[in-house]
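These are my notebook entries on one protein model. I record what I looked up, entry by entry.

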Amino acid sequence: MHEVFGLHLAADLIVLSACQTGLGSGALADVPAGDDWVRLTRAFLHAGARRVMATLWSVDDWATAALIEHFYQAYDAGADPARALAATQRALITQPTTSHPFYWAGFVVSEGTQ
(Lines give C-alpha, C1' and ligand atoms only; values in the text may rest on other atoms or scores of the structure.)
Protein backbone atom coordinates (compact mmCIF):
# COMPACT_ATOMS: atom_id res chain seq x y z
CA MET A 1 0.00 0.00 0.00
CA HIS A 2 2.82 2.39 0.84
CA GLU A 3 4.30 1.77 -2.62
CA VAL A 4 1.00 2.75 -4.25
CA PHE A 5 1.06 6.12 -2.47
CA GLY A 6 4.36 6.83 -4.27
CA LEU A 7 2.98 6.16 -7.75
CA HIS A 8 1.93 8.82 -10.24
CA LEU A 9 -1.00 7.40 -12.20
CA ALA A 10 -3.16 8.76 -14.98
CA ALA A 11 -5.78 6.01 -14.89
CA ASP A 12 -9.50 6.51 -15.31
CA LEU A 13 -10.26 3.29 -13.43
CA ILE A 14 -8.43 0.81 -11.19
CA VAL A 15 -10.26 -2.46 -10.46
CA LEU A 16 -9.32 -4.33 -7.29
CA SER A 17 -11.35 -7.54 -7.43
CA ALA A 18 -9.60 -9.49 -4.67
CA CYS A 19 -11.22 -9.98 -1.27
CA GLN A 20 -11.65 -6.95 1.02
CA THR A 21 -9.68 -4.51 -1.15
CA GLY A 22 -11.96 -1.62 -0.17
CA LEU A 23 -11.61 -2.01 3.58
CA GLY A 24 -9.67 0.34 5.77
CA SER A 25 -7.79 -0.04 9.02
CA GLY A 26 -8.47 -2.73 11.54
CA ALA A 27 -9.94 -5.01 8.88
CA LEU A 28 -6.61 -6.38 7.72
CA ALA A 29 -3.77 -7.50 9.94
CA ASP A 30 -1.14 -5.24 8.35
CA VAL A 31 -3.13 -2.02 8.89
CA PRO A 32 -3.34 -0.84 12.51
CA ALA A 33 -6.64 0.37 13.93
CA GLY A 34 -6.91 4.17 13.94
CA ASP A 35 -5.44 4.70 10.46
CA ASP A 36 -8.85 4.95 8.79
CA TRP A 37 -7.54 6.84 5.80
CA VAL A 38 -5.18 4.00 4.93
CA ARG A 39 -6.72 1.62 2.42
CA LEU A 40 -5.94 0.55 -1.11
CA THR A 41 -8.78 2.60 -2.55
CA ARG A 42 -7.46 5.77 -0.95
CA ALA A 43 -3.91 4.95 -1.99
CA PHE A 44 -4.84 4.58 -5.67
CA LEU A 45 -6.97 7.74 -5.63
CA HIS A 46 -4.06 9.62 -4.03
CA ALA A 47 -1.72 8.24 -6.70
CA GLY A 48 -3.88 9.75 -9.43
CA ALA A 49 -6.54 7.22 -10.34
CA ARG A 50 -9.85 8.91 -11.09
CA ARG A 51 -11.96 5.98 -9.84
CA VAL A 52 -11.38 2.72 -7.99
CA MET A 53 -13.65 -0.30 -7.88
CA ALA A 54 -13.00 -2.47 -4.83
CA THR A 55 -14.62 -5.08 -2.59
CA LEU A 56 -15.95 -4.78 0.94
CA TRP A 57 -15.82 -8.46 1.95
CA SER A 58 -14.52 -11.84 0.88
CA VAL A 59 -15.90 -12.49 -2.58
CA ASP A 60 -16.69 -15.70 -4.41
CA ASP A 61 -14.21 -16.42 -7.23
CA TRP A 62 -16.76 -17.72 -9.74
CA ALA A 63 -19.28 -14.93 -9.10
CA THR A 64 -16.52 -12.31 -9.22
CA ALA A 65 -15.37 -13.59 -12.62
CA ALA A 66 -18.94 -13.30 -13.91
CA LEU A 67 -19.33 -9.84 -12.36
CA ILE A 68 -16.07 -8.54 -13.82
CA GLU A 69 -16.87 -9.89 -17.28
CA HIS A 70 -20.31 -8.26 -17.29
CA PHE A 71 -18.91 -5.05 -15.78
CA TYR A 72 -16.30 -4.63 -18.52
CA GLN A 73 -18.90 -5.26 -21.23
CA ALA A 74 -20.96 -2.37 -19.85
CA TYR A 75 -17.88 -0.19 -19.24
CA ASP A 76 -16.49 -0.84 -22.74
CA ALA A 77 -19.89 0.09 -24.18
CA GLY A 78 -19.44 3.57 -22.71
CA ALA A 79 -21.06 3.45 -19.30
CA ASP A 80 -19.21 5.22 -16.51
CA PRO A 81 -17.93 2.77 -13.85
CA ALA A 82 -20.69 3.40 -11.30
CA ARG A 83 -23.41 2.88 -13.90
CA ALA A 84 -21.63 -0.16 -15.34
CA LEU A 85 -21.42 -1.67 -11.86
CA ALA A 86 -25.08 -0.91 -11.12
CA ALA A 87 -26.16 -2.51 -14.41
CA THR A 88 -23.99 -5.52 -13.63
CA GLN A 89 -25.44 -5.88 -10.16
CA ARG A 90 -28.99 -5.71 -11.54
CA ALA A 91 -28.13 -8.41 -14.07
CA LEU A 92 -26.64 -10.70 -11.41
CA ILE A 93 -29.74 -10.31 -9.23
CA THR A 94 -31.81 -11.94 -11.97
CA GLN A 95 -29.63 -15.08 -12.11
CA PRO A 96 -30.49 -17.89 -9.66
CA THR A 97 -26.82 -18.64 -8.94
CA THR A 98 -25.90 -15.02 -8.12
CA SER A 99 -29.14 -13.46 -6.88
CA HIS A 100 -28.04 -13.35 -3.23
CA PRO A 101 -26.40 -10.00 -2.32
CA PHE A 102 -23.27 -11.83 -1.15
CA TYR A 103 -22.35 -12.35 -4.81
CA TRP A 104 -22.74 -8.80 -6.09
CA ALA A 105 -23.25 -6.22 -3.31
CA GLY A 106 -19.67 -6.22 -2.02
CA PHE A 107 -18.38 -4.21 -4.97
CA VAL A 108 -18.24 -0.40 -4.81
CA VAL A 109 -16.87 2.38 -6.99
CA SER A 110 -15.09 5.28 -5.30
CA GLU A 111 -14.29 8.48 -7.12
CA GLY A 112 -11.52 10.94 -6.40
CA THR A 113 -11.96 14.68 -6.00
CA GLN A 114 -9.61 15.70 -8.80
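Which backbone oxygen lies 3.4 Å from a polar atom of the side chain of glutamine 89? I found that this oxygen belongs to phenylalanine 107. I list it as a polar contact, meaning a pair of N or O atoms within 3.5 Å; within protein, one must be able to donate a hydrogen and the other to accept it, and residues adjacent in sequence count only if both atoms are side-chain atoms.

Basis of the entries. The model is predicted, so local features need pLDDT of at least 70 and side-chain atom pairs count only at pLDDT 80 or more, while totals for chains, interfaces and linings use all residues. Residues are numbered from 1 along each chain as its sequence is written, and side-chain values use heavy atoms, with hydrogens and water left out.

Entry on glutamine 89. I located glutamine 89 in helix α4; helices (H or I, at least four residues) and strands (E, at least two) are DSSP runs, numbered from the N terminus. Its side chain also reaches the backbone oxygen of tryptophan 104, at 2.9 Å. Glutamine 89 counts as buried because its relative accessibility is 14%; buried means under 20% relative accessible area, exposed over 50%, and partly exposed in between (1.4 Å probe, protein chains only). Leaving aside residues up to four places away in sequence, I noted that it touches Trp104, Ala105 and Phe107, where contact means heavy atoms within 4.5 Å.

Entry on α4. Helix α4 has 13 residues, and its first and last C-alpha atoms are 18 Å apart, close to the 18 Å expected at 1.5 Å a residue; the expected span is 1.5 Å times one less than the number of residues. I listed its buried residues as Pro81, Ala84, Leu85, Thr88, Gln89 and Leu92. At the N-terminal end, aspartate 80 caps α4, with a side-chain oxygen 3.0 Å from the backbone nitrogen of alanine 82.

Entry on α3. Which residues of α3 are buried? I recorded Ala63, Thr64, Leu67, Ile68, Phe71 and Ala74. They cover an arc of only 130° around the axis, which puts them on the same side of α3. Their cover includes β1, β2, α4 and β3. On the face turned away from the buried side I found the exposed residues Asp61, Trp62, Glu69 and Asp76. Glycine 78, which follows α3, has a positive phi near 110°.

Entry on the core. A nonpolar core is a set of buried Ala, Val, Leu, Ile, Met, Phe, Trp, Tyr and Cys residues joined through side-chain atoms within 4.5 Å. The largest one has 12 residues, among them Leu13, Met53, Phe71, Leu85, Trp104 and Phe107. Both α3 and α4 supply at least two residues of this core, and the largest share, 4 residues, comes from α3. I also noted a second, separate core of 10 residues, which includes Leu16, Ala43, Val52 and Ala54.

Entry on glutamine 20. Glutamine 20 has a positive phi of about 60° although it is not a glycine. I placed it in the loop between β1 and α2.

How values were computed
The arc is that of the directions from the helix axis to the C-beta atoms.
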